[in-house]
Amino acid sequence: MSRPVRSAFLVPFFGHLPPYFDFWVNSCEANQQNFHWFVYNDKIDCITRPNPAVTLIPYQFEEMRNDFKQILDISIPGKHLRRVCDYRLMFYFTRKTEERLDDFDFIGFTDMDMVYGRLMDFMPDNMDQYAMISADDGRPCGPFTLMNRTQLHLLAEWDQIKPEMERVEHRSFNEAIRLMEILSQNMPAFCQADPLQPQMAGGLNQRHHFGIWDQSGVTVHDCWQRKRQGGFYHFSRYKDKPRFKIAPITDSGQCGIHKFGISDPDSMWTKIKMQTSLYI
């Protein structure tokens, strides 16, 4: 029997970890057989593993700058945190020895303002035939993209990678069609929202929805009373609003995520807020 395909997400996050971090970590755990998340953070003092799927690694911004210069000959121009979304594309080359990244088939980038379902249920068949797997249609997806490790050399060899990484202006190269084209010269790319990201795929209202996560996975509900399971639920539009309140995680770990925050979906008050969020 062949071994399972394994993927590593490399997640640099500078600053205090967000208040929804425990929910994010909790949703990673069910995916431990096939996925591992390495989180690089400047506010922690030692390597820790909150669960078998997640490793937290102390890492300062200046360390990253030094690694990029010494290993890649790329000069990061100051502390422009928006640009970290693009820098993470190159973390494989600077961290492959420390995290033994060559043991993984795919190297990915992802966000924290989301919860994951059972990801392998939503991967394409024979996923190792693809250069890239993303959760947006026809392009890489900032919240969730996997890059085939065997094709990453094409990114390092691209003649514009140095000026792209050294620019100050943030142009979201991590979501650019050009990135997909670079990596898929020898293998096809699988870039589509359905079924990984149901709220961005056809069949659900893309503006009015909420997500429920429990041990069985993540389900997205919309204002037309339709629902679909998916690979993850991304709540970026809600997270920075003053109304977005986060309740303590319960023993079950399950959560409802809606415009008004994150809370226990079995609570009557949460049910009212989730339904209300669909129409205002």
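1. One aromatic cluster is formed by Phe 9, Phe 21, Trp 24, Phe 35, Trp 37, Tyr 116, Phe 144 and Phe 232. The model is a predicted one, and it holds 21 aromatic pairs.

2. Tyr 20 and Phe 235 make up an edge-to-face pair, because their ring planes stand at 90 degrees, with the centres 5.2 Å apart. This pair links distant parts of the chain, 215 residues apart: Tyr 20 belongs to the loop between strand 1 and helix 1 (21-28), and Phe 235 to the loop between strand 13 (232-234) and strand 14 (245-246). Tyr 20 is buried at 9% relative accessibility, and Phe 235 is buried at 2%.

3. A further edge-to-face pair joins Phe 68 and Phe 91, with 6.2 Å between centres and 65 degrees between planes. Phe 68 lies in helix 2 (residues 61-72) and Phe 91 in helix 4 (residues 91-95), so the pair ties together parts 23 residues apart in sequence. Phe 68 is buried, at 0% relative accessibility; Phe 91 is also buried, at 0%.

4. The largest pocket holds about 740 Å³ of space. Its lining comprises 28 residues, of which Phe 13, Arg 82, Cys 85, Asp 111 and Lys 239 are the closest to the centre. Strand 1 provides the largest share of this lining, three residues. By class, the lining has 14 nonpolar, seven polar and seven charged residues.

5. The second largest pocket holds about 260 Å³. Among its 15 lining residues, Gln 197, Met 200, His 234, Ser 236 and Arg 237 are the closest to its centre. The lining divides into five nonpolar, six polar and four charged residues.

Terms used. Residues numbered from 1 in each chain as written. Predicted model: local features only at pLDDT ≥ 70, side-chain atom pairs only at ≥ 80, totals over all residues. Heavy atoms only, no water. 1 Å grid on protein atoms, 1.4 Å probe; cavity = no way out; pocket = protein on both sides within 12 Å on 5 of 7 lines; lining within 4 Å. Points joined across faces, edges and corners; volume = space filled by probe spheres on them. Helix = DSSP H or I, 4+ residues; strand = E, 2+ residues; numbered from the N terminus. Nonpolar A, V, L, I, M, F, W, Y, C, P; charged D, E, K, R; others polar. Phe/Tyr/Trp six-rings, centres within 6.5 Å; stacked < 30°, edge-to-face > 60°. Buried < 20%, exposed > 50% of the residue type's maximum accessible area, 1.4 Å probe, protein only.
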